[in-house]
Amino acid sequence: MIQKPSIPKGTRDFGPAEMAGRDYIFNTVKTIFKKYGYSPIETPAMENLSTLLGKYGEEGDKLLFKILNSGDAFKDLRDMPHEELREATGNTLALNVCEKGLRYDLTVPFARYVVQHRNELTFPFKRYQIQPVWRADRPQKGRYREFYQCDVDVIGTDSLISELELVQIVDEVFKALDIRVRIKINNRKVLAGLAEMTGQPDKLTDITVAIDKIDKIGLDAVKEELAERGLFQESIAKIEPVLTLSGTNSDKTARMRELLTDSETGLRGLKELETLFSLIESAGITTEVELDLSLARGLNYYTGAIFEVKALDFAIGSICGGGRYDDLTGIFGLPSTSGVGISFGADRIYDVLLGLDKFPKDAIQGTEYLFVNMGEQTLPYILKAAAGFRAAGRSTEIYPEPAKLRKQFEYADKKGIRYVVLAGEDEMQNNELSIKNMQDGSQSKVKFSDIF
């Protein structure tokens, strides 16, 4: 029986053209990350499950890909008393049969890396990381189960200059990619103050998880979810006007300062926002930056500024996001070490560039020159010439067989090769090459000495 080839839903193959586009994105962000002093690291695709669980909130835990232990993974469960088995939570059961999981993001592995290698690092430690992550999500447009993140983080300082630097990087990256974006900013301390204002500070996580969905499900559905999560109607009534607040960034902070008068945490968050917006203005950033008080980013580890970036000319979810985390390393034994970072979603950025036809033609160009193979007599000549082309940095192929010219030209045409190079007896005698432009059909002869 012949097996039909397939791949899991939410994953994709990438051919040469797609890889060229992705490399263009990776090379662009790498160049800018390096300009700001960030160094690359990599971490394993899988982490100990205990490293991952409990770091992303209840929604995130559900989306972790867990790896069954090798051998008889369910042996311990069969030996567990029925009463214990019935009372065990999902995470408890998972840890009994799974010791490892595929990483959900690059931030938690980064925190683990920092603690594990802290004696080798210089703080503040600035790193970038470009690797795939996995989430057991429902595949849909712009949402994949396997996708690449391009993360840039600094850890070991709580200076708001780090937040500014991330905004500068976002500004520079998307200008380099020619994508118009809006940068949305909020602060988790402000959200904590909002929870205090409602009289239900213990509901902070429920509030952030619900309002983080407002762009997807709308205000009415968010209010319904807040009620389902145990918020009182009077609490929801206090939250609603905040989610619909309009005006300039300074108008919004002024209004929130009135609402959060009795919340020390909330006022501290507002002060951080005002300082950050002042720094952004001083830095001359021209990309639109908006205070969005409905922005929550549902990940539990964020404690300060939070960021999200939206493309203005293409309908897709956020293409970049991140925030400040004050004690993520404390979980692994290094307390009071603040960090902040932002993650560029390479797959969504690719979709935006493709949808807007923004990929530079030379970025996705494969082979530029094809040398026609006319047989053994001309082979030494074209081998020497092709070597010269490659030494000059030109992507060059030699057709492997002395096939009919029509077949070799069809090959060049199908691959989108721009130039075909011919070298017969006349060219060899005159130390020349004939170069045909496959786009306009023109052909000219050039001397070796004019090329190299």
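Asp-313 forms a salt bridge with Arg-180, with the closest N and O atoms 2.8 Å apart. A salt bridge here is a side-chain nitrogen of Lys or Arg within 4 Å of a carboxyl oxygen of Asp or Glu. Asp-313 lies in the loop between β9 and β10, and Arg-180 in the loop between α8 and β7 (181–187), so the pair ties together parts that are 133 residues apart in sequence. Helices (H or I, at least four residues) and strands (E, at least two) are DSSP runs, numbered from the N terminus. At 41% relative accessibility, Asp-313 counts as partly exposed. Buried means under 20% relative accessible area, exposed over 50%, and partly exposed in between (1.4 Å probe, protein chains only).

This is a predicted model: local features need pLDDT of at least 70, side-chain atom pairs count only at pLDDT 80 or more, and totals for chains, interfaces and linings use all residues. Residues are numbered from 1 along each chain as its sequence is written, and side-chain values use heavy atoms, leaving out hydrogens and water.

The whole structure holds 31 salt bridges. Arg-324 and Glu-163 form one of them, at 2.9 Å from N to O. Arg-324 sits in strand β10 (residues 320–325) and Glu-163 in helix α8, so this pair ties together parts 161 residues apart in sequence. Arg-324 is buried, at 3% relative accessibility. Glu-163 is buried too, at 2%.

Helix α8 (residues 160–176) also packs on helix α1 (residues 16–35). The angle is about 145°, and the axes are 10 Å apart. Axes are lines fitted to C-alpha atoms, for helices over the stretch in contact, and angles run from 0 to 180 degrees between N-to-C directions. From α1, the contact residues include Tyr-24, Ile-32 and Phe-33; from α8, they include Ile-169 and Val-173. Contact means heavy atoms within 4.5 Å.

Both helices meet α16 as well. The buried residues of α16 pack against α1, β6 (146–155), α8, β9 (305–311) and β11 (339–345). In helix α16 (residues 346–355), 8 of 10 residues are buried. Among them are Asp-347 and Asp-351. Salt bridges that share partners join Arg-12, Arg-22, Asp-347 and Asp-351 into one network.

Elsewhere, an open sheet has 3 strands in the order β2-β4-β3, with antiparallel pairing. Two strands pair if DSSP finds at least two bridges between them. β2 and β4 (residues 98–102) pair over 3 bridges. Glu-47 of strand β2 and Arg-112 of helix α7 (residues 107–116) are 65 residues apart. Their side chains meet in a salt bridge of 2.8 Å, N to O. Both residues are buried.
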